Amino acid sequence: MTLTLHNTMTRTKELFVPGDPNRVTMYVCGPTVYSRPHIGNARPALVFDVLFRLLRTLYGEDHVIYARNITDIDDKINAAAKESGRPIGDITSEFADNYRADLGALGVLPPTIEPHATAHVGEIIAMIEALISSGHAYEAEGHALFSVSAFDDYGKFSNRNRDDMIAGARVDIAPYKKDPADFVLWKPSSDDLPGWDSPWGRGRPGWHIECSAMIEKHLGETIDIHGGGHDLIFPHHENEIAQSRCSHSGADLARVWMHNGFLTMDKDKMSKSTGNIITVHELSQDHAGETIRLAMLSAHYRQPLDWSDDLLSQAKSTLDRFYGTLDNLSDVDVPAGATPSDTFMSSLTNDLNTPKALAKLSALCKAANKVDDNDERARLKGELLTSGAVLGLLQDDPSSWLKGGVNDDDAEIDALIEARTAARANKDFAESDRIRDELAARNITLEDGPDGTKWRRDS
RNA sequence: GGCCGAGUGGCAGAGUGGUGAUGCAGCGGACUGCAAAUCCGUGUACGUCGGUUCGAUUCCGGCCUCGGCCUCCA
C-alpha cells in the first residue's frame, strides 16, 4: 500500500518514498521544558505518533527511527529557574518527565530516540565552526550569526522574500548583524546563565541550531520526514534548512515536511499569555486519555480544531459505541494474522486522514453489529482491533472501558442488578424499575440482553 | 502591508465537476414488560458576487469574515 503525505515544501500531496525502506527516519520538534504541556502542545505529539505507528505498520517496527528532541537550553527556562530559585537542571528534568507522562497517558509511544540539546553542545559547536569556515556564518561580539546572504534559497521554504521580512520586522535589529535577516547560532552567556566554552567565548546555542546538529548526528544529512507545528515553518524550519544545507553541500534536510494546524479553545486563540489554555494533565483528571486522543484525531491534522467540552463528550460517545460493539464480540476470538481493513488503511495512508479512518471504524462496527455468522464476526473484530491499533485506540478491555475501570462500588452494582433480575423474573416491574432508577441516579445505565443484564458507567 | 490557511446540514467533520461520507442530536419504525443498546428509514448543506462548463459545493477571479506566521518568540 502506498503512502501519500502533504509536503509543506511543495504545498502538495506527494507519494512518500523513503531514502531507505529499512531505515525510515522522522524528526519532530519536541518541547521546551519549562512548563506542563497544554493540549495544543499535544497535537503534534499525537499526530506524529499516529504517523509513527502507521510507518511501523507499513515498513516494519524495526525499520522506523523516530527522534523527538527535548529543548533544555532556552531563555524561558532560565527565566523560570531565576523566578523559582531552583537549579535549571531540576526544572528541565521535571518538565521533561511531565511531558513523557502526560503524553504517555494519551497513548503516545516513546520515540525511538529523545535527544537533549545540552547533550549535543559539542556537535553544535562543530557545526557552527564548519559554517563559519565555509563562509556561511560569522562571529560578532561574542555571537555567531548565520549569514542569510550566503544561502541563495533562504526564504524559499516559507515563501517570503527579504524585503518583506525586513518591512515586517517586529524586533529591533541588533547592530552587530551584517544583514538584518541574519540569525543567531551562538550567543554569549553572562555568569549567572548556563554556558559552555566555545571559540567565541562562554555562551549557549541559539534556538535553531540544536535541531540541525541532532538530526545530523542521529538520523543523517537527509531525513525522510520532518514535522512540527505550523508556527515553526518560519523562522525555525527555514533556518534549520539554511544551516543544514549549508553544512551538507546543499543536500536537502528532509524529503517531506509536515506541519499540523492549530487548536483554538472555545473559538478563541489558545494562548498562554491570555491564560486561555488547558494542560493535558488537567484534562486527564476528568477524561480518559483515549477520549482526549480520539477528540484530537477527529479532525484532519492540517485543519484547525476547536477544543471544547462538547468535542470531548462526542469523542466519549464514539468510543462507547466502538467498545460496545467490541463487548458484543467478546464471544469470538480474533483470527490469527488479522490485519487492518483495506478501506481504513487507504484513508489513513491518504495524508493521515484520521476523520475518514474513524468513519471506516464506524462502518466496521455497523457491519459487526448486523452480522450473525461467527467467522465473519471474528474477522470484523480482527479488523476493528488491528485498525484501532494503528490509531492507538480500542486496545482497552471493552467491559472495563464501559464500566469506567475498576471502582469500589462494582460489587454493589452487581448485587443490585441481581436483585433486579430476580424482581423481573417475578414480573415485579415496579421493583425492577425502582432499582434501575436508583442506578441511573448513579450514572449507571443498564442493558437487558438475551445473555443477562450488562451495565455501563456514563460520565 | 506580505505570505499561508480556513468558511459544508442543529452540532462535529470528510469529500467530490454530475447518483447529498461518517458520528452525535432530532423524527418515524423494529426489538423490549418498559427502557437501554442495536438495526431499518428519515435532511432540498456546501460564506458572497461573477466567470468557465451541458452541469460547480468542487475549477478560475473579485469581495466579505475568521485564524496563523512575518527572526532569537515556542
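Two strands count as paired if DSSP finds at least two bridges between them. Strands (E, at least two residues) and helices (H or I, at least four) are DSSP runs, numbered from the N terminus. By that rule, β3 (residues 24-28) and β9 (residues 223-229) pair in the parallel sense over three bridges.

A word on the ground rules: this is a predicted model, where local features need pLDDT of at least 70 and side-chain atom pairs count only at pLDDT 80 or more, while totals for chains, interfaces and linings use all residues. Residues are numbered from 1 along each chain as its sequence is written, chains are lettered from A and ligands numbered from 1 in the order in which they are written, and side-chain values use heavy atoms, with hydrogens and water left out.

**The parallel sheet**
- β3 and β9 belong to an open sheet of four strands, which runs β4-β3-β9-β10 with parallel pairing.
- At its edges are β4 (64-68) and β10 (254-260), each pairing on one side only.
- From one strand to the next, the twist averages 20 degrees (axes are lines fitted to C-alpha atoms, and angles run from 0 to 180 degrees between N-to-C directions).

**The antiparallel sheet**
- Another open sheet of four strands has the order β5-β6-β7-β8, and its pairing is antiparallel.
- β5 (137-140) and β8 are the edge strands; each has a single partner, so one side of each is left without a neighbour in the sheet.
- β5 and β6 (residues 143-146) pair over four bridges, with A137 standing opposite F146.
- β6 then pairs with β7 (residues 183-188) over three bridges, and here A144 faces W186.
- β7 and β8 are joined over three bridges too, with W186 opposite P205.

**The largest pocket**
- On a 1 Å grid over the protein atoms alone, a pocket is an open set of points with protein on both sides within 12 Å along at least five of seven lines, and lining residues have an atom within 4 Å of a point.
- The largest pocket has a volume of about 1400 Å³, a volume being the space filled by probe spheres set on the points, which are joined across faces, edges and corners.
- Its lining takes in 44 residues, and T32, Y34, N41, D231 and L232 lie nearest the centre.
- Which element gives the most to this lining? That's α1, with five residues.
- Elements that supply at least two residues each include α2 (75-84), α3 (88-104) and α6 (209-218).
- Sorted by class, the lining has 18 nonpolar, 14 polar and 12 charged residues (Ala, Val, Leu, Ile, Met, Phe, Trp, Tyr, Cys and Pro count as nonpolar, Asp, Glu, Lys and Arg as charged, and the others, Gly among them, as polar).

**The cavity**
- A cavity is a set of grid points where a 1.4 Å probe fits but cannot get out, and the whole structure has one of 30 Å³ or more.
- The largest cavity has a volume of about 40 Å³, and its lining consists of V47, V50, M296, L297, A299, Y301, L352 and T354.
- α1 and α9 (289-297) are the elements that give two or more residues to that lining.
- Seven of the lining residues are nonpolar, one is polar and none is charged.
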